[in-house]
Every structure is written in C-alpha cells, then in structure tokens.
Amino acid sequence: MTPFVAPVRDLRFVLEELLEHGSLSLPGFEEASPDLVEAVLEEAARLAGEVWAPLNASGDRQGCTRRDDGGVTVPEGFADAYRAYAEGGWNGIGVSEALGGQGLPEVVASSVQEMLHGANMALGLCPMLTAGAIEALAHHGSDEQQATYLPKLVEGTWTGTMNLTEPQAGSDLSKVRTRAVPQEDGSYRLFGQKIYITWGEHDAAENIIHLVLARKPDAPEGNKGISLFLVPKFLVNADGSLGERNDVTCASIEHKLGIHGSPTCTLSFGEGEGAVGYLVGEEGRGLNHMFTMMNEARHKVGIQGIGVAERACQHAFAYALDRTQGRSPRSGRNDCTISDHLDVRRMLLSMRARTDALRALALYCAAQLDLARHAADEGERVAAQARVDVLIPVVKSFSTDQAVEVASLGIQVHGGMGFIEETGAAQLLRDARIAPIYEGTNGIQALDLAGRKLQRDGGAALEGLIDRVEATAAALAANADHAALGESLAAGAADLRAAMAAVLEAGADPEQGADAVQAYATPFLNLAGHVLSAWQMGEAALKASAAIASGRDEPFYRAKQQSADYAIRQWLPVGRAQRAVIEAGMASLAAFDAAAQ
C-alpha cells in the first residue's frame, strides 16, 4: 500500500485561511497560537504516518482474536501504537484543561482525528469512542464519577465504549431489554446482551469503561424507561486502583466486511451475579444523555470518512502517476502514465475536489462547535449551536457517503489491480463502507435533518447558512475570473432554498406530513451536502486567488482553484438534481409494495 502522508498543508489551508484561526480568539484558548497549532499538526502527522499507517494493511489481514478466557487480542502492533498515542497526550487534545486535557480547539482536535483515521481507521475507532465517553461523563456524570473515571479516560489509560444495540433493538432503542437491578449500596446489577460494540474488549488499555443503556425492572416501556449506566471492565477501588473483574464478558467478535483491526464485540452482562453498574445522570433520561456521546461521535464519523477519502486519493494518484498504458492525448507518446488520460483525470480530480470540500465543511462545523462552547456572547453561542445541529447530520451522512464513492473511484483508477487485495485499494472501500451505517444510519441522519432539525425552527438555522452561501456566490460573481462559479453556486443555493420550503410545506401537511418528510429526507440532505460543500470551495477559490495575486505558493493554490472549479461546476449540478427528485413527489414510494415484487 502507498505510504500515507498526512495532509498537513491542506489542513492548514482550512484552519489558517478559510477559518482564519477564528477559534484561537475565543475565551479559553489564550495560550494557543498559530505556531502551536502548526507544531501539533506536524507531530500528529508523524504519529499518523510513521506509527499508525504502517499497521493498516497488516491489521486488516490479521484481524482480532478472541481468546479462550474471553479476552480479545488486537492485531500485532496495535496495542503499542495506541499506547504511543496515549502517552503522547493525544487523547486529551480537545478536552478542557480542567478535566486534564490540553484544551485545544475542536478544529484542531478534528484535524488530528482526520490524520489518524486516514492512517488507520480501525485503530482510530478506539480513541473516537473514548472521546464520546468523556463527553458524556463530563456533561452528565456525578462528581464522584468524574473524579474516578475522567482522568484515566482523558489520559487514555482507560478506554470507553458505547453500548446501545441489542439483537432485537437496532435503530429503535425503545426496545432495549437489558435490565439494571438496584442494589442496597446504590449500585445496580446489569443483565443482558449488547451487540456491535466497537472496541468492546481488547488488550490495548488497562480498563474499559462501558456506557450502557438499560432499564430498571419497574421502568415504563419505551424511551422514557431507559437509563444510562457506567459499567467498568474492572471494578475500581476507593483508592483508584483496579479491583476484581466485573461480570461483563465478550461472547464473540464479529467477522466483518472491513475494519478487521477493530474488535467489534457481542458483550454479555450478568452471566453470573450481574455486572456492577452505576447510574449516570437522571433516571429515565438515558437516551438524552447518550446523545451527548453520539453527537460527538457522529461528527467524528464524518471526519473518519474524510480521512479514508484522503488516503484513497493518495493511493489512486500514486498509482495513476506510475502506471504506464496507452497513447498520451497531449504528447502523442505511447508510454504515457494513465494520469494523462482525460477519463482518469476526471476520476482523480473528482476524488480530490470532493475530499477538499468535505474537509472544509467538517472543519467549519468544528469551528461552530468551538463558538457554541466558548463564545463570550450567549446569543452567539446559541446561534452557533443551531448551525451545529443542522451541520452534524450533513457532515456525518454526506461525508461518509462520499467517502465510499471516493474509495470506489480509487479502485476504478487502479483497474483490475484495484480489485486485488494486495494493492490496498480494496481495503479502503471495505473499511469506508461501515461509516454510513454506524452511529445512526445515514437515512436516520437525513430524517434528523429534514424532520426534527428543519421542522423545529422552521428552517431558520439552515436559512442562515444559505444566506452565507449566497454571499459567497455574490463575491465570486464580482470576480471576473470566478463569475461562472458564482452563477453556479447561486443556482445551487436557490435550489436548496426552494427544496427547504417544499419539505417544510410537506411536513406541515396534517395527513401525510411524517411520510412526506421520510420520502424527501435523503434527497434533501444530499442537496444540502452538495451546496454547503460547494460553498466552502467557493471560499477556497477566493482565498486561492488572493494568495496567487500576492505571489504565494502558486502550484498549491492553483490546485485549490481546480478543485473549486470542479466542485462547483461539475459536482454541484449532480446534487442540484435532488430538487427535481423532491418536486416529483412521493407517489411512487407510497404505492410501492415490496411484497408484491
């Protein structure tokens, strides 16, 4: 597999020029500086490229092994690579200093996450889930729980998991059956089974802290009866040392299409006297508390997709620049590399432009998260959070769908060699394919956007984003070199505004509003993803033009202009077609009977 080079220059372009390091000016980040951020990115790139990336292919081939004692051995080198990450302080990069972290902005933490997931997605899942557990406990854990568990989670000595799914309860968590029986000492004993638990058992850390959805025996049915419980693999003594093994075991590990280096476990709680657990937050509000963890994870899954897309780009470019075949359309030579052929160039530019656009949008969302958490003005925090609420389902869903397409194009660039495992292109597609499924399928993300997020504020937050898209389109139109980009971006914004009005109107229909939202949700999210991503590339085109005019790094900025041109004039029209899909109505879906086919 082609060596992975973390895209530090591309990340810096987004942080320094598109976002203008805005997060560094927020309260709480006074000690952070552009020089510090650059140093952090460079050191993370070294870890990603030299330590994590070389294990990607071997981890895929070797996979994980469940031992006879119920423990799980991760692929060779994974445990050491994870410990190198933890010992370097990377696990706490975006965690506040009050909780023992480094207190850097979310945009920086997300940039580091992209590099790590591009290097080794299977290994990157471990700290990604731990970050979610930290977020959940920081918001909802008791003082005692925070004091006992957060320091070890933040430093990475212990890892965290999210335990939602059961054999009968997939996306519908109201069907959760795991029982939590109260004990006289205030603890609980849990009995039940959870499936698809990422890094649910492994040998890379001292302890694993499971956050588990369960219900008390007297809890009502449905979502309101579900509570959140903390269940450690090893019980923790009063002095912080590890005690006896808890009654939670790995019953099996899944044999999956991809991410073979990530142990996906079926966990059994209470095969003996019951797994000791502790209530987190309020009784009956487990889903609300877990969503704190899931929102963190959903943004990072989008980042994960971008990391894999970046690696697929690098892999395809390296092959296309080396593989000789056919006659050059430019020089007429018969020994040209395939990168000379226009159809291959189409694929390469499509891969690069999409990856650049997705990265910019995901980091814009991260910057809004920084604003929502740290802005001095409450109104600014509220407005930023409203934008985050709209953007997270787009970043999660659109980025991961596009990552699958980018990885698939990478195989196509390789031709028949792409279908052969030894080249490494196939692994990237296999790994990427899970991202549109977990942490809430992309269909659920679309329903969240078109249903809950859009309907609750009448589209106000998204309308504000469309206003920004139109402002960028106007700036492009005023630039003679980019007038065509401005026209295309403005048309995309108009399509999104019209589609939003159509979905809001359909959702208000008293007879079939919910069905209409379901029917239109996915095409609507796809349209939003294309328009918002193209908007970021419009901003990139403007920044690149200014840089070239000042005599700076012309090859890099010319490449950004090419990505922007492709994204806005050739990729955006594909997304704009989703407006026609919505306006065609839902009659065919309503009439469709799968059983009759």
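User: Which residues does Thr130 touch, not counting those up to four places away in sequence?

Analyst: In this predicted model, Thr130 touches Asn91, Leu153, Trp158, Thr159 and Gly160. The residue sits in helix α6, which covers residues 121-140.

User: Why is Thr130 called buried?

Analyst: Its relative accessible area is 0%. Buried means under 20%. The value meets that cut-off, so Thr130 is buried.

User: Trp158 came up there. What kind of aromatic pair does Trp158 form with Tyr149?

Analyst: Let me build up to that with another pair. The structure holds nine aromatic pairs. Take Trp52 and Tyr85: the ring centres are 5.5 Å apart and the planes meet at 50°.

User: What makes the pair of Trp52 and Tyr85 tilted?

Analyst: First, the centres must lie within 6.5 Å for rings to pair, and 5.5 Å passes. Next comes the angle. Planes under 30 degrees apart would be stacked, and over 60 edge-to-face. The angle here is 50°, so the pair is tilted.

User: Which parts does the pair of Trp52 and Tyr85 tie together?

Analyst: Trp52 belongs to helix α2 (residues 34-52) and Tyr85 to helix α4 (residues 78-87). The pair therefore ties together parts that are 33 residues apart in sequence.

User: How do you know whether Trp52 is buried or exposed?

Analyst: Trp52 has 0% relative accessibility. The cut-off for buried is under 20%, so Trp52 counts as buried. Tyr85, at 2%, is buried too.

User: And back to Tyr149 and Trp158: what are their distance and angle?

Analyst: The rings are 6.0 Å apart, centre to centre, with 55° between the planes.

User: Which residues do ring pairs link into a cluster?

Analyst: Phe13, Phe556 and Tyr557. Phe556 also has a charge over its face: Arg9 lies 3.9 Å from the ring centre.

User: Why is Phe234 called partly exposed?

Analyst: Phe234 has a relative accessible area of 22%. Buried needs under 20% and exposed needs over 50%. The value falls in between, so Phe234 is partly exposed.

User: Where does Phe234 lie, and which residues is Phe234 in contact with beyond four places in sequence?

Analyst: Phe234 lies in strand β8. Its contacts are Glu206, Asn207, Leu242, Gly243, Glu244, Arg245 and Asn246.

User: How do you know whether Lys233 is buried or exposed?

Analyst: Lys233 has a relative accessible area of 7%. That is under 20%, so Lys233 is buried. The residue lies in the loop between β7 (227-232) and β8 (234-236). Leaving aside neighbours within four places in sequence, its contacts include Glu201, His202, Asn207 and Glu244.

User: What is noted about phi of Glu20?

Analyst: Most residues other than glycine have a negative phi. Glu20 is not a glycine, yet its phi is positive, about 50°. Glu20 lies in the loop between α1 (8-18) and α2. Ile259 also has a positive phi, near 40°. Its place is the loop between β10 (248-253) and β11 (264-269).

User: Why is Glu20 called exposed, and why does Ile259 count as buried?

Analyst: Glu20 has a relative accessible area of 54%, which is over 50%, so Glu20 is exposed. Ile259 has 4% relative accessibility, which is under 20%, so Ile259 counts as buried.

User: How do the axes of α5 and α9 cross?

Analyst: Helix α5 (residues 106-119) and helix α9 (residues 342-374) have axes that come within 8 Å and cross at roughly 145°. The crossing is right-handed. Among the residues that meet are Glu106, Val107 and Ser110 in α5, and Arg359, Leu363 and Ala366 in α9. By class, the contact has five nonpolar, two polar and five charged residues.

Key:
Residues are numbered from 1 along each chain as its sequence is written. This is a predicted model: local features need pLDDT of at least 70, side-chain atom pairs count only at pLDDT 80 or more; totals for chains, interfaces and linings use all residues. Side-chain values use heavy atoms; hydrogens and water are left out. Axes are lines fitted to C-alpha atoms, for helices over the stretch in contact, and angles run from 0 to 180 degrees between N-to-C directions. Helices (H or I, at least four residues) and strands (E, at least two) are DSSP runs, numbered from the N terminus. A crossing is left-handed if the near helix is turned anticlockwise from the far one by less than a right angle, and right-handed if clockwise. Contact means heavy atoms within 4.5 Å. Ala, Val, Leu, Ile, Met, Phe, Trp, Tyr, Cys and Pro count as nonpolar, Asp, Glu, Lys and Arg as charged, and the others, Gly among them, as polar. Buried means under 20% relative accessible area, exposed over 50%, partly exposed in between (1.4 Å probe, protein chains only). A charge sits over a ring if NZ of Lys or CZ of Arg is within 6 Å of the ring centre and within 35 degrees of the ring normal.
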